[in-house]
Structures are given as structure tokens and as C-alpha cells.
Amino acid sequence: MELPPVLVTTLTFVILALLVWVLLSRTVLGRGFSVPLRNMFRPVETSQYPEKPRPVAPRFHGRHQLNRYADGLEKCIGCELCAWACPADAIYVQGADNTVEARYSPGERYAEDYQINYNRCILCGLCIEACPTRALTMTHEYEFSADQRSKLVYTKDQLIAGVPPGGDETPHTDRQVKERGLNYYGGLAVTPPTLHGGTYRPAGAAPASRAAQVVPTGDLPISDEQPTDPATVGGPTRRDPGRDR
Ligand code: SF4
Ligand code: SF4
């Protein structure tokens, strides 16, 4: 008995489809080929780097930056907490004392030398978490490869942010800092009288519980003793747009 041509064609097609399915799903070779076959029909993800770099995520960990206050003073107080927190031993900090005639930071000390070895750094961000003054942050810059390892040891002059508009390059004198009356550490109670020029108010005992810190509703009283320039109180620096993690 001779089968109709339509039936023969249909059967042939079904058998071939079964063979292809068995080949793709049941053999190692088929499973390997199934990957490019699936991706042939997906949208192309190619980016035109470096002509058109893709934007990085807001919390991307790039090259570090040492920040300044709005008047140009350095936020780093040379405490070395970042160096101790670093799991790769990539940070070197040499602290030194500020003097009356040469003040680099609002604190007692500043970083006389500061280095980050990017041969070792894994850009984990633990150092910026450890920094008590938000002096150290991470930018979105990731294009800093080099042809010599020595070029990947960044020194303070490479890491420090530029002086903000209206600020002055360090060092400043204590007299200049006092005349500005700026509040560097986010509260008059913790601002030394030599910096805000008024009467020192001790912080007092810590509240017994978080419930005692509840902010009252309604308008808060506005004090004449508010910081002269709120932008100096721990805010991100002007050259640090992506650092808010
Ligand atoms: S990002 Fe991580 S590895 Fe790099 S310096 Fe900071 S703590 Fe060290
Ligand atoms: S960057 Fe921060 S943690 Fe590191 S030495 Fe300076 S103030 Fe201390």
C-alpha cells in the first residue's frame, strides 16, 4: 500500500523534529549547541566601550577619594582606621599633628602621608565603612590600569579631592579656622569652642534608650547657633557625586 505524499512529508517532519529534540536535549553536544541557538534570538548586549562606556551602578566601588570640607580643610584625621580595616593591607597612613600655624584638618591630627596600593586593593569598600569622618569615599572611576606596578601605588596628592570653590588649599591657620565659625562634626555639643567661637556645651549623658531620641512633631525651634554653613557637616563633597552608600 502506498502512503499519500502529504502523510509521508508530515511523518518525515515529525521524525526529524524528534531527532533534533533528542540531539539537543539528550546529548552533551546538543546541550552545548543549544546555548548559542537560544541566544541567537535575544537582543544584542554589545556596548561600544571605550567610546561609549556604560554607566555604572550608583553604589559602584571605584577609585578612592580623600574628601575635603567646603572651606578646603581635609576630612582625614590620620586615625588609620581605614588601614586597620583593610583585609588586603593596601592602605598606608602616616599621621601627624596639626599646629597653630599649619592646620590641615579640623581634628588634632591629619594624614601627612596617605597611600593606597591598587595592586593589592580588591575594592571591597571596608575602608570607607571604617572611616569615622567620611574622609574616604569611592568614586565611579575604574579606568586606572597601568603598565608598571609602581604606578598603581596612589599617593595622597593623587587621592585628595580638589579644593571646592571658595575654599583654600591646606594648610590653614587656627586663626583662619576660628574666624569662619564652621561646625565640622555635626553638632555644637561636639564642636570645640575654638572652632565655633562660642561657649562650649558638653554633650551630656547619653539617652537611656532609642525611645528617648524620638524627634518631637511640629516645628522645631531654630537656634542662632546653627552651623554657619550646613554644607560642611558631613555632606558629600562636590567631586563625589556617586558616593552615597
Ligand atoms: S577597598 Fe577594600 S581592599 Fe581596597 S583599600 Fe579599601 S578595604 Fe582595602
Ligand atoms: S581616611 Fe578616614 S579612617 Fe583613614 S585615616 Fe583618614 S580619617 Fe582615618
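Me: How many buried residues are there among the 22 residues of H1?

Reply: First, the ground rules: this is a predicted model, in which local features need pLDDT of at least 70, side-chain atom pairs count only at pLDDT 80 or more, and totals for chains, interfaces and linings use all residues. Residues are numbered from 1 along each chain as its sequence is written, while chains are lettered from A and ligands numbered from 1 in the order in which they are written. A residue is buried if 20 or more other C-beta atoms lie within 10 Å of its own, exposed if 12 or fewer, and partly exposed in between, with C-beta atoms placed from the backbone. By that count H1 is hardly covered: the number of buried residues among its 22 residues is 0. For the protein chain, 18% of the 245 residues count as buried.

Me: How many helices and strands does the protein chain have?

Reply: Helices (H or I, at least four residues) and strands (E, at least two) are DSSP runs, numbered from the N terminus. The protein chain has 7 helices and 5 strands, and along the sequence they follow the pattern α-α-β-α-β-β-α-β-β-α-α-α.

Me: What is the order of the strands in the open sheet?

Reply: Two strands pair if DSSP finds at least two bridges between them. Here an open sheet of 3 strands has the order E2-E3-E5, with antiparallel pairing. E2 and strand E5 (153-154) are the edge strands, each pairing on one side only. Between E2 and E3 there are 7 bridges; one of the bridge pairs is alanine 96 with tyrosine 110 in E3. Between E3 and E5 there are 2 bridges: isoleucine 116 is partnered by tyrosine 154, and asparagine 117 by valine 153.

Me: Which residues of the largest nonpolar core touch the most other members?

Reply: In soluble globular proteins, nonpolar side chains tend to be buried together. A nonpolar core is a set of buried Ala, Val, Leu, Ile, Met, Phe, Trp, Tyr and Cys residues joined through C-beta atoms within 7 Å. The largest one here has 22 residues, of which Leu66, Cys76, Cys82 and Ile91 touch the most other members. Strand E2 (91-97) and strand E3 (109-117) each supply at least two residues of this core, and the largest share, 4 residues, comes from E3.

Me: Which residues does cysteine 76 touch?

Reply: Two residues are in contact if their C-beta atoms, placed from the backbone, lie within 7 Å. Leaving aside residues up to four places away in sequence, cysteine 76 touches Leu66, Ser105, Tyr110, Ala111, Tyr114, Thr133 and Ala135. In the protein chain, residues 24 or more positions apart account for 70% of the contacts with a separation of 6 or more.

Me: Which residues come nearest to ligand 2?

Reply: A residue is near a molecule or strand if its C-beta atom, placed from the backbone, lies within 6 Å of it. Of the 14 residues around ligand 2, Cys76, Cys79, Cys82, Cys131 and Leu136 come nearest. For classes, Ala, Val, Leu, Ile, Met, Phe, Trp, Tyr, Cys and Pro count as nonpolar, Asp, Glu, Lys and Arg as charged, and the others, Gly among them, as polar. The shell around ligand 2 has 11 nonpolar, 2 polar and 1 charged residues. Ligand 1 is surrounded by 13 residues, the closest being Cys86, Cys121, Cys124, Leu126 and Cys127; this shell divides into 12 nonpolar, 1 polar and no charged.

Me: Which residues are joined by a cis peptide bond with omega of about 10 degrees?

Reply: Most residues other than glycine have a negative phi, and most peptide bonds are trans. The cis bond in question joins tyrosine 49 and proline 50, with proline 50 in the loop between helix H2 (28-39) and strand E1 (64-66). Another cis bond, with omega of about 5 degrees, joins threonine 170 and proline 171. As for phi, glutamate 80 has a positive value near 70 degrees and leucine 123 one near 55 degrees.
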